[in-house]
Amino acid sequence: MTELDPGPLFEMLTAYEGSMVLMASNELGIFDELSEAGLSAAELASRLGASSRCTEMLLNACVAVGLLHKTGQTFHNTPLTEDFLVRGKPNYLGRVVAKEQEFYGPWGRLAQAVREDKAQLAPMSERLRRDPATARNFLLALHDLALLFGTPLPDYVDLSGRKKLLDVGGGVGTYSIMLAQRNPQLRAVVLDLPPVREFAEEMIAGNGLSDRISFEAGDYQAASLGEGYDVILLANILHDNPVASCRELLRKSHDALVEGGLVIINEFFLDANKTGPPVGAIFSLVMLLENQGAAAYPAEEIKGWVLDAGFVDPVVRPLPEPSPMVVIVAHKP
Ligand SMILES: C[S@@+](CC[C@H](N)C(=O)[O-])C[C@H]1O[C@@H](n2cnc3c(N)ncnc32)[C@H](O)[C@@H]1O
């Protein structure tokens, strides 16, 4: 008989069930319906057009995992769900939950992905074409995550005197917006795939920055990123790519910068031995599943590519907790 407690194994084994309780409840709109006032399972089921029996079972499981309270037969949001999972609230994270749910099926094929070195999601260009609504949610979830974990970035990069920034794969423009807000002299170009234009222009206009931030439809895998930029931002781009493409992106960034220009890289932090912190090590698998040949890379490895591309004086700084991000800044001599 072993003395070891298998408890941690069982916890790991069943963790996905709790995740699915959260994701299904978010998908059904349960937290929206329970906002401000409690409901019985039958009342909620009728609003959702769902089975009353199964709604009650799901609600009970939500109570069990701490997503809801139950008083008598009435279910209520907890402070956590009321704050973060009710649509329209300032801290809303429902789009992030829906984005994670996109990975739920692909995670089920992890063994196959490892066997074959094969991404389990279509490339972003195809996802944008096939299902623009889901792709839009994905990009808006990245915006929400950038606001959650990326807001210290402007404090970590000195852009005084810099006038022209290229935000490579800038999505809806969140980092350009943050940097433009902090640096009034700065103009930015958000380079992303053509269908992203509509979402980015809406976000930029919503932040009152259409006069300083423009969108350029293009492909960052093309031969050149342009020229004459003071700053190139690669925010969450390297981890979407295989090593050779990362090196190529850094080389093209170097070419696109003026002398003395800056490259800024924003990535998930990963130890040099790639085993921690858990969020970084596991994120690497998310990239394996999402983009062919991709992975998370330790800052030390990225620093080496930056130097090989001709940049000098790379500085690596993790963003303050709870952000899991690290920023790497280097100059073109
Ligand atoms: C992980 S997201 C990063 C978005 C943003 N920079 C951020 O940090 O939140 C990657 C972005 O690259 C864009 N993208 C993917 N392939 C691209 C390509 N070949 N050319 C231009 N943009 C691309 C995607 O549409 C997406 O907006």
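Reply: Happy to; below I take the labels one by one and set each value against its definition. This is a predicted model, in which local features need pLDDT of at least 70 and side-chain atom pairs count only at pLDDT 80 or more, while totals for chains, interfaces and linings use all residues. Residues are numbered from 1 along each chain as its sequence is written.

Me: What makes E259 exposed?

Reply: A residue is buried if 20 or more other C-beta atoms lie within 10 Å of its own, exposed if 12 or fewer, and partly exposed in between, with C-beta atoms placed from the backbone. E259 has 7 C-beta neighbours inside 10 Å, so E259 counts as exposed. Its place is in strand β8, residues 257-268; helices (H or I, at least four residues) and strands (E, at least two) are DSSP runs, numbered from the N terminus.

Me: Which residues touch the most other members of the largest nonpolar core?

Reply: They are L233, L234 and V263, in a core of 67 residues. A nonpolar core is a set of buried Ala, Val, Leu, Ile, Met, Phe, Trp, Tyr and Cys residues joined through C-beta atoms within 7 Å. Leaving aside neighbours within four places in sequence, V263 is in contact (C-beta atoms, placed from the backbone, within 7 Å) with I232, L234, S253, L257, V306, F311 and A330. Another core, of 15 residues, lies apart from it and includes L44, L59, F75 and V86.

Me: Where do the domain bounds fall?

Reply: Domain 1 covers 7-89 and domain 2 covers 145-331. These bounds come from an automatic or database domain assignment. Taken over C-alpha atoms, the centres of domain 1 and domain 2 are separated by 36 Å.

Me: Why are α1 and α6 called oblique to each other?

Reply: Angles under 35 degrees count as roughly parallel, over 145 as roughly antiparallel, 65 to 115 as roughly perpendicular and the rest as oblique. Helix α1 (residues 7-28) and helix α6 (residues 94-102) pack at about 120 degrees, with axes 10 Å apart. The pair α1 and α6 is therefore oblique. As for how the angle is taken, axes are lines fitted to C-alpha atoms, for helices over the stretch in contact, and angles run from 0 to 180 degrees between N-to-C directions.

Me: Which hand does the crossing of α1 and α6 have?

Reply: The crossing of α1 and α6 is left-handed. A crossing is left-handed if the near helix is turned anticlockwise from the far one by less than a right angle, and right-handed if clockwise. On the α1 side, L22, M23, N26 and E27 make the contact, and on the α6 side G94, V97, A98, E100 and Q101 do. Within α6, G94, R95 and V96 are buried, and the buried residues of α6 pack against α1 and α10 (132-149).

Me: What makes α1 oblique to α4?

Reply: The axes of α1 and helix α4 (residues 52-65) come within 10 Å and cross at roughly 125 degrees. That value makes α1 oblique to α4. The crossing of α1 past α4 is left-handed. Contact residues are G18, V21, A24 and S25 of α1 with L58, A61, C62 and V65 of α4.

Me: And what makes α14 oblique to α16?

Reply: Helix α14 (residues 243-256) and helix α16 (residues 299-308) cross at roughly 45 degrees, their axes coming within 9 Å. That angle makes α14 oblique to α16. Here α14 passes α16 in a right-handed crossing. C246, R247 and L250 of α14 meet W305, V306 and D308 of α16.

Me: How do you know that D117 and D313 are exposed?

Reply: D117 has 9 other C-beta atoms within 10 Å, so D117 is exposed. D313 has 10 other C-beta atoms within 10 Å, so D313 is exposed too. Phi of D117 is near 45 degrees, a positive value in a residue other than glycine, and D117 lies in the loop between α8 (110-116) and α9 (124-130). Phi of D313, a residue other than glycine, is also positive, near 50 degrees, and D313 is found in strand β9.

Me: Where is P277, and what is the peptide bond from G276 like?

Reply: P277 is in the loop between β8 and α15 (278-290). The bond from G276 to P277 is cis, with omega near -5 degrees. A cis peptide bond also joins E321 and P322, with omega about 10 degrees; P322 lies in the loop between β9 (312-318) and β10 (325-331).

Definitions and conventions
Contact = placed C-beta atoms within 7 Å.
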